[in-house]
Amino acid sequence: MKLMTITPNIFRAYLNCPMKCWLLAAGENPTGNIYAEWIQAQTNSYRVAAANRLLTQMPSSERIQSPYSSQSSENHPSTQDLKSANWRLAFDLLCIAGENQLGHISRYIATYPSSEPTKQEARVIESRLDAVEHIPSEGRGRPSKFIPIRFVFQNKFDNDERMLLAFDALTLSGVLGRPIGFGKIIHGDKHATIKVKTSGMDSQLRNHIMNLTALLSSPSPPDLSLNRHCTECEFQTYCRRIATEKDDLSLLSNMSEKERQKHRAKGIFTVTQISYTFRPRRRARKENDKREKYHYSLKALAIRQNKIHITGNPELKIEGIPVYLDVEGLPDSDFYYLIGMRIGCGQSAIQHSLWANEINDEQRIWNDFLVILASVKNPVLIHYGSYETTFITRMHARYSGFTENSVIASVLQQAINLVSIIFAQFYFPCYSNGLKDITRSLGGTWSEKAASGLASIVWRHQWERARSGNIMQKLITYNAEDCAALELVTDTIRVLCRMKANPSTTGGPNFVDVDSLRREKIYPLGRNEFVNPALEQINKAAYWDYQRNRIFLRTDQRVKAAVQKLTKKQRKSVGINQTIELVDRPLCCPKCGNEKFERHRWSTKIVEDLKFSKSGVKRWIIQYRFLGYMCCSCRSSLSVPDRPWMKSKYGENLRSYIIFHLIELRVSQRAVNRSLNQLFGMDLPHGVVEGQKLLASKVYVETYERIISHIVSGELIHADETKISIDRCDAFVWVFANHDAVAYVYTDSRDGAMIQELLREFKGVLVSDFYAVYDSIDCPQQKCLIHLIRDMNEDALKQPFNDELISIIREFSELLKLIVETIDRFGLKKRFLRKHKKHVARFKRSISAQRYKTEVAIKYQKRFDKNTNKLFTFLDYDNVPWNNNNAEHAIKPFAMLRNVIGGASSPKGIREYLVLLSVEETCKYRGIDFLDFLRSGELDIDRFKAGAFVTH
């Protein structure tokens, strides 16, 4: 069976990108990349330098000569068994491990470059080790040690180098037939050495090899996916061309693989397809102050339409002279060698380029930068990305140059990172938010076609070797063009911000205001809009009413009879049941105070109402006739002083009937409207029920405030809260109850501002759950022990073998059982309950003295310690329960009402419901019929209960 050979180059390519690995193994010709070529050259050069450095430290008799060394060696060996080796250090050692089954190494050979591997051997895993250190055996029974060494030229390297060292160790372990525990990496300018525990990476390494083998066994390439490695890959141009031809989703920079898989599962594979998924949505009010999240679909839409898209309310205020900053450096050495500053705008802008030949010049260019910045009147520093932010932080830490409270410090601290302005607010028609991509979308260019940050690193190293003035000028020009690009993008954003704030502004780039786009519903109600009029006509013919009244009417006699009956049905004329004349004369003119009037004319007012009787209820139409007057002095028209219809053409009994159905029976507004029209022959238009609810809430707001005042001034309050969704946003309703009253309060959030203000003067006992907001109330508190019991029981079900938790539950349940038995016998009287305080103290000491090991037991130990003075407060007070069931019971009516309301309300509408629900529940707590109270017209529940009012 033919097997492939996995080399370190192929393995490294797999770690970087599966597509690169497949192309490399398939022998595809690289399309070229200046940075990739430089990396390879640096790697080869460093290997030679590091090997020669080690050669000078080791006697010739104890080493095997490196083939890439210019020296020769008399001890250059032939192929031999490594276990009998007598050398201390070997270089460029070729190890080949063959496999019968994946992950089970069976046959191995090790050769040096001069030797050829056995032809019968199937190469599977092959590694050319940079160096191997041999430590002879320390005694009988103790095998010698072999330590693989890897040379890495970077000062900072990633985990891939450790994984490659583990790959070397795995191959070497196959040759030796025993595991290799650790290896060494020699890296950087100072040839620092670090030890790496390779044995801990075996499992991960073997998984990589298994997946790599499956990848290379496939005749077709893997799915193309551009990633961060593309910028330094020799196949960048090849993959980019294919991705562009396919319009692949990975063209959208920074979209994660998980995000791409999510879209692919929905059948979305291209940038064009995802652009059609964007839907503008209205943001919740509580999120207005938060930054909008980034939408890849909106980025794709901007690309498809080739227009800049703006969302939110971006602002870019530059109150001073702009100073555009761009810094070039060598990230591997933390060395900044070029600071570019562009001061001012347009043709009058001044460019400064501060160059450092050596790392010792870094402080000089930093000081020059501060001097130039200080010479600018009211400078505003602008940069792009976090690289300059890190630069300022590191330079200040290294060289300072200014005091913390100086003007320069303020300028640097208030520097504007343009990326933070652009992100999730400006969507340019390009695949990424990189400065170069955005600038090119605006028409900007660079003199060097391959200009990039990675290319500048290569150019700098080329300059360090050749000290060429042309290369230096190339870098300075590149840096200056970056500053000019930053100015272009900044000016564009400033213009777009002005145009977004003032749509009448003209003369700027073409853009789309996302907030002004029509918000289309996914499942819209109502009539569809058709591009073709013929389609609209065809669709109209499919409507139910059209088919019934125009089609089936002609062929079905039953439909015809039903339609004709509905057509002939007309609303009967309204008969007057009662006429009331109002003849009260005004005392004086409200405008001039004159007391002389003359009769003007008779007017009428029709009020639709209901009349209740012992046997039922019926519609009742009242006609009010009242005489108008005219002031003899100012000729103003006056009417009767008291009007019983309260600025509405609907009576009080009708309003009471509506509120009774809405609040106590929890019937929807639409159902109440249909019920009145169907049962009483009324013709109430849409909105009447809502209007009567609004009017009633205004009438009973005085009663509502009395209820809250009664609760707050009492000796006991049960408090709880629940969530409600309004227009797809979460809000909260709080309930406050005692034994004879309930009040509901609405808030937009769950913070404690409202409850702290409401209970500021409360000095009674507050019974609540363990929500932290309640702890801020300055009063005695009793925590709901039912909540604690439920939490403990849930954890015990999850961890049935946790003896520590079971022990805590057993002690707590035995204590609470004794207390509950006393309450059942004597009630909530402190003179009978105080005897249990010693039991409580014993329980607290027992829990605090334990040294628990499990996390959940420690959690409950801390919970008991934290709430030690709030769990058994009821032992010191009369009629204070040990649970919060009163509040939970009061939440149920609102929960049922919430199901009826759904999300079709507003904060104002919810507050109206809560006023009326508070009155209804308080009436229920006091044994009062809610409908009778509404019909009485009384606003004081206590006075109504006293029997001073009679319903009508």
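Which handedness, left-handed or right-handed, does the crossing of H20 and H21 have? I began with this question and found the crossing of H20 and H21 to be right-handed. A crossing is left-handed if the near helix is turned anticlockwise from the far one by less than a right angle, and right-handed if clockwise.

**Conventions.** I note that this is a predicted model, in which local features need pLDDT of at least 70, side-chain atom pairs count only at pLDDT 80 or more, and totals for chains, interfaces and linings use all residues. Residues are numbered from 1 along each chain as its sequence is written, and side-chain values use heavy atoms, with hydrogens and water left out.

**Overall.** I looked up the secondary structure and found 33 helices and 24 strands in the protein. These are DSSP runs numbered from the N terminus, helices being H or I of at least four residues and strands E of at least two. Of the 952 residues, 45% count as buried; buried means under 20% relative accessible area, exposed over 50%, and partly exposed in between, with a 1.4 Å probe and protein chains only. Among contacts (heavy atoms within 4.5 Å) with a separation of 6 or more, 65% are between residues 24 or more positions apart.

**H20 and H21.** I returned to this pair, formed by residues 652-664 and residues 669-680. Their packing angle is about 135°, and the axes are 10 Å apart. H20 is therefore oblique to H21. Axes are lines fitted to C-alpha atoms, for helices over the stretch in contact, and angles run from 0 to 180 degrees between N-to-C directions. Angles under 35 degrees count as roughly parallel, over 145 as roughly antiparallel, 65 to 115 as roughly perpendicular and the rest as oblique. From H20, I listed Leu654, Tyr657, Ile658, His661 and Leu662, which meet Gln669, Val672, Ser675, Leu676 and Phe680 of H21.

**Cores.** I then turned to the nonpolar cores, each a set of buried Ala, Val, Leu, Ile, Met, Phe, Trp, Tyr and Cys residues joined through side-chain atoms within 4.5 Å. The largest has 80 residues, and Phe369, Leu412 and Ile493 have the most contacts inside it. Helix H16 (residues 469-501) supplies the largest share of this core, 11 residues. Apart from it lies another core of 72 residues, including Tyr744 and Leu917.

**Phe426 and Ile493.** I checked Ile493 and found that, not counting residues up to four places away in sequence, it touches Leu316, Leu418, Ile421, Ile422, Phe426 and Phe428. Phe426 is in strand S14 (residues 426-427) and is buried, at 0% relative accessible area. Phe426 and Leu496 are 70 residues apart in sequence, yet 9.2 Å apart in space, C-alpha to C-alpha.

**Positive phi.** Most residues other than glycine have a negative phi. I noted Ala424, whose phi is near 65°; Ala424 lies in the loop between helix H13 (418-422) and S14 and counts as buried at 0% relative accessibility. I also noted Asn879, with a positive phi of about 60°, in the loop between helix H29 (855-866) and helix H30 (885-901). Asn879 counts as partly exposed at 41%.

**Two further sites.** I located Pro219 in the loop between helix H5 (202-217) and helix H6 (236-246), where Pro219 counts as exposed at 77% relative accessibility. I recorded Ser173 in helix H4 (residues 159-176) as buried, at 12%.
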